[in-house]
Amino acid sequence: MPLQLWLPLLACGLVLFLWRLGSSGLVDETPPLFAASARAMAETGDWLIPRVNGLPRYDKPPLVYWLMGLGYLLPGQELWNPLGTWAARLPSALSSIAVMLLLADTLWRWPQAPWPSSVDKPEPASSAPPVPSALTAAFTAALAFALSPLVLLWGRIAVSDALLCGLMSATLLLSWRTYVAPRGAWWLTWLMLGLAVLSKGPVAVVLLGLALLGFGWLQGDLAGLWRRLRPLRGLTLTALVALPWYGAALLVEGEAFWNSFFGYHNLQRFSVVVNNHLQPWWFFLPVLVVASLPVTPLLLLGLVRGVGPLPWRRRAQPLPPEQSLTRFAACWLLAVLVFFTAAATKLPSYWLPATPAAALLIAQAAQAGWGGRAQRLAWSATLALTLLLAAVFLAGPLWVPAINDPELPTLPAEILASRRLLIAAACFALAAGLAWFLRRRRTPMALLALQLAILPFVPLAITPLWELGDRLRGQPVRRMAELVRALPPPSGQGLPEPLAMVGILKPSLHYYARQVVLYEGQSQAALLNLNERLRLEHRAGQEPSSPRQAPTVLVVIDQGTARLPHWQGLEPQELGSDGLYRLWRLQRSQLQRRSAELYAAGERPNWQDPRPERY
């Protein structure tokens, strides 16, 4: 890939994913669990099983924790990584930049010929569009991926989804490149697949298999795919990369790991709804639309063209391998759509592995001619959506005041005062204007101009608004954690003072306080649970204690929970407050007294019931 493509793309990736990466805190609730597990690995030297808040965390394989943990091994964390987010988010950011470069490199090496603008009535030669350069196609594909709303979000947070997306993209693109050039390093596909299995589990193997089967069927060349990819030897390599950790985890943790990782986080997530993620079967259709805004019409055009006529009653029409990338991308996207639509549990992040395929389809659709009905409709809809988004941002004073979140009472006023929505509106209006101007001149630069005009929207609007939300929502929890760490231990108490959080549950409190936190909700049973857990529950770093050994407990409680009748009248000592939260020092004798009252009224604790998502 030439420098004139590599350097500008790298600069765009740095702006989109690395600029001010550590300027905001961890977003509750999942990222702090990843970050705390990774930091614990780095600090304890136990790199086998992720552990958080005194418990093993079996929900994901270890690769993302290992990569985050390497960041936490660097010295001077308090100086250059005070919020703990740079090290935790870096794998996601680098994975997203790597996908940008890999997409661009693939289209640069194997530029795809533009399809005719109309199947029924081809354009005259005089009106055909100029053949776009490989440089433009490569750049537009990389930016179509990077500017996806889903990628912009998950590429900057501390979870494993962006890493899986990056490794699956490498696996799938390398498999296609092996199909095109079988004398290359075919084993790289299977090495990347092994790493993908270490990042999220066996779902990676299923997605690769579905995509290759669909492509082989449409291409009419399953035998050729099999011969060039060498799957038997390849899967052996994948197993050699991934299985040692799974075997070691089973040996050390036994049935608990098997039931949680394979039973709950893989089999049950596919077969039944878990953790209340119930969505209709068509859930990923609107996700598909939103994930590529404002160029979704180009995606739909590219998908239709990529699939082409299905070979139901005729022989499949193979394309030259080097010109089959659009067809491959369509099968890739449909594999993700079919698999996760069939799954009972559905989350927006599950669509992330499809976004690189969507980017390839968008870039190919942008190369098409200008005279066909489908192209005119797709471009008109794209420009209309871009202008609509500009209008939505411009109309911020009409809808922003409707934001009503108890944790963010001043957010609407501060958003409007920041004038960031006006900047966003200007970016999208300029994008629509430039794309319309260039489209009228039938130049393949129209999509690139639209993307480059939208790109400043991220550092000038999205990042500052994200930091504003973090200051209002996350900073109070961090200040509670700072207060907890600064408190001297109570005089005469034999054991460390336990810490609990009730009501609104924020795992970031555990991360920033650096001690075990007992989390319970608002209910009466939650109060009973807390009283019993202090006496009975064993966790690494938090042993059970009697009221004589630890007479008090620190409780971080939100003001809504504190007003509930069963949490009132406990005579707490308020040690500090910030935003919604209060820090109480509560006598455990008061907690026992209230628990006895609730128990007499028929309430029962439920903390020992199975909770697969417990932390």
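The legends below accompany an overall view and several close-up views of a predicted model.

**Figure 1. Overall view of the predicted protein, with its 28 helices and 7 strands.** The C-alpha trace spans about 90 × 55 × 50 Å along the principal axes, and the radius of gyration is 27 Å, which agrees with the value near 25 Å that a compact globule of 615 residues would have. Of the 615 residues, 54% are buried, and among contacts with a separation of 6 or more, 78% join residues 24 or more positions apart.

**Figure 2. Close-up of F428 and F457, one of the 19 aromatic pairs found in a search of the whole structure.** The ring centres of F428 and F457 lie 5.1 Å apart with their planes at 75°, and because an angle over 60 degrees counts as edge-to-face, the pair is assigned to that class. This pair links distant parts of the chain, since F428 belongs to helix α21 (residues 420-440) and F457 to helix α23 (residues 457-473), 29 residues apart. F428, at 4% relative accessibility, counts as buried, and F457, at 9%, counts as buried too.

**Figure 3. Close-up of the edge-to-face pair formed by Y511 and Y512.** The centres of these two rings are 4.9 Å apart and their planes stand at 85°, while both Y511 and Y512 are buried.

**Figure 4. Close-up of an aromatic cluster that includes W351.**

Key: Residues are numbered from 1 along each chain as its sequence is written. This is a predicted model: local features need pLDDT of at least 70, side-chain atom pairs count only at pLDDT 80 or more; totals for chains, interfaces and linings use all residues. Side-chain values use heavy atoms; hydrogens and water are left out. Helices (H or I, at least four residues) and strands (E, at least two) are DSSP runs, numbered from the N terminus. The radius of gyration is taken over C-alpha atoms; the globule rule is 2.2 Å times the number of residues to the power 0.38. Buried means under 20% relative accessible area, exposed over 50%, partly exposed in between (1.4 Å probe, protein chains only). Contact means heavy atoms within 4.5 Å. Rings of Phe, Tyr and Trp (its six-membered ring) pair if their centres lie within 6.5 Å; planes under 30 degrees apart count as stacked, over 60 as edge-to-face and the rest as tilted.
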